[in-house]
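Welcome, and please open the model in your viewer. We will go from stop to stop, selecting as we go.

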Amino acid sequence: YTTAATAVLLNNTAAIYVALFSPWLLKEARPRFPWVSLALALVGMALITDPAHIKVGSDSWVGVLTALATGVTYAFVMLFSRRLGGRVSGVTQSWWSIGIAALVAAPFAVGTPWELVRANWYWLLALGTLSLSIPYFLYFQGLKRLNAQVVSMIGLLEPVCGVLIGIFLFREIPNVLGVVGIGLIFASIVLISRGNEDS
């Protein structure tokens, strides 16, 4: 219901909610530069996704609200996982997350022809491994060792990686503003990481 750019932008607002709520919910020390880091990250994401050129129709609001809800729920995943850090292993968290996601998504798979699944099993295996298993395991391991704020800001590499994949695989060259946006996101990650080390 909306563009991929809008979805990426709103999904990555999770870093904002984590930075705002983790000092209260997790009793984490607030890094020295959270507001500057968040401002840099927001401007960077806006430059990469170029929201001024997004056409918003009547159906697009469903996509916008869904993507915004994704950012909120993803922030809670970070906060809850950080709270479990040290008590529940990253492997256990990954298995439970993937298992529950499979159960929730199962009704949407009903009606898919088995021949279609069998013909594309290798793509589905790669998708499950590369987009769920490995990233979630590494993500939960990172949350055991770093503050949720730092992990959420590092997660902002997602739109940057999306741009880089577009460049190298699809020859989608970003404009000057996109390159500046990538730089701002990297700057926000470095700034909040340094501020966290100093606090």
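Start with the lining of the largest pocket, whose residues comprise 16 nonpolar, seven polar and one charged. Bear in mind that this is a predicted model.

To find the middle of this pocket, select Tyr74, Pro135, Tyr139, Gly155 and Glu158, which lie nearest its centre among the 24 lining residues. The volume of the largest pocket is about 710 Å³. Next, colour α2, α4, α7 (121-145), α8 (148-154) and α9 (157-170), each of which gives the lining at least two residues. The largest share, seven residues, is from α7.

Now move to the second largest pocket, with about 480 Å³ of space. Select Thr73, Tyr74, Val77, Ser97 and Tyr136, the residues nearest its centre out of 16 in the lining. Here α4 provides the largest share, eight residues. The lining of this second pocket contains 11 nonpolar and five polar residues, and no charged ones.

For the next stop, show the side chains of glutamate 28 and arginine 82, which form a salt bridge with an N to O distance of 3.1 Å. Glutamate 28 sits in the loop between α2 (14-25) and α3 (34-49) while arginine 82 belongs to helix α4 (residues 60-84), so the bridge ties together parts 54 residues apart in sequence. Glutamate 28 is buried at 9% relative accessible area, and arginine 82 is partly exposed at 22%.

Finally, select alanine 39 in helix α3, a partly exposed residue with 40% relative accessibility.

Key:
Residues are numbered from 1 along each chain as its sequence is written. This is a predicted model: local features need pLDDT of at least 70, side-chain atom pairs count only at pLDDT 80 or more; totals for chains, interfaces and linings use all residues. Side-chain values use heavy atoms; hydrogens and water are left out. A salt bridge is a side-chain nitrogen of Lys or Arg within 4 Å of a carboxyl oxygen of Asp or Glu. Helices (H or I, at least four residues) and strands (E, at least two) are DSSP runs, numbered from the N terminus. Buried means under 20% relative accessible area, exposed over 50%, partly exposed in between (1.4 Å probe, protein chains only). On a 1 Å grid over the protein atoms alone, a cavity is a set of points where a 1.4 Å probe fits but cannot get out, and a pocket is an open set with protein on both sides within 12 Å along at least five of seven lines; lining residues have an atom within 4 Å of a point. Grid points are joined across faces, edges and corners, and a volume is the space filled by probe spheres set on the points. Ala, Val, Leu, Ile, Met, Phe, Trp, Tyr, Cys and Pro count as nonpolar, Asp, Glu, Lys and Arg as charged, and the others, Gly among them, as polar.
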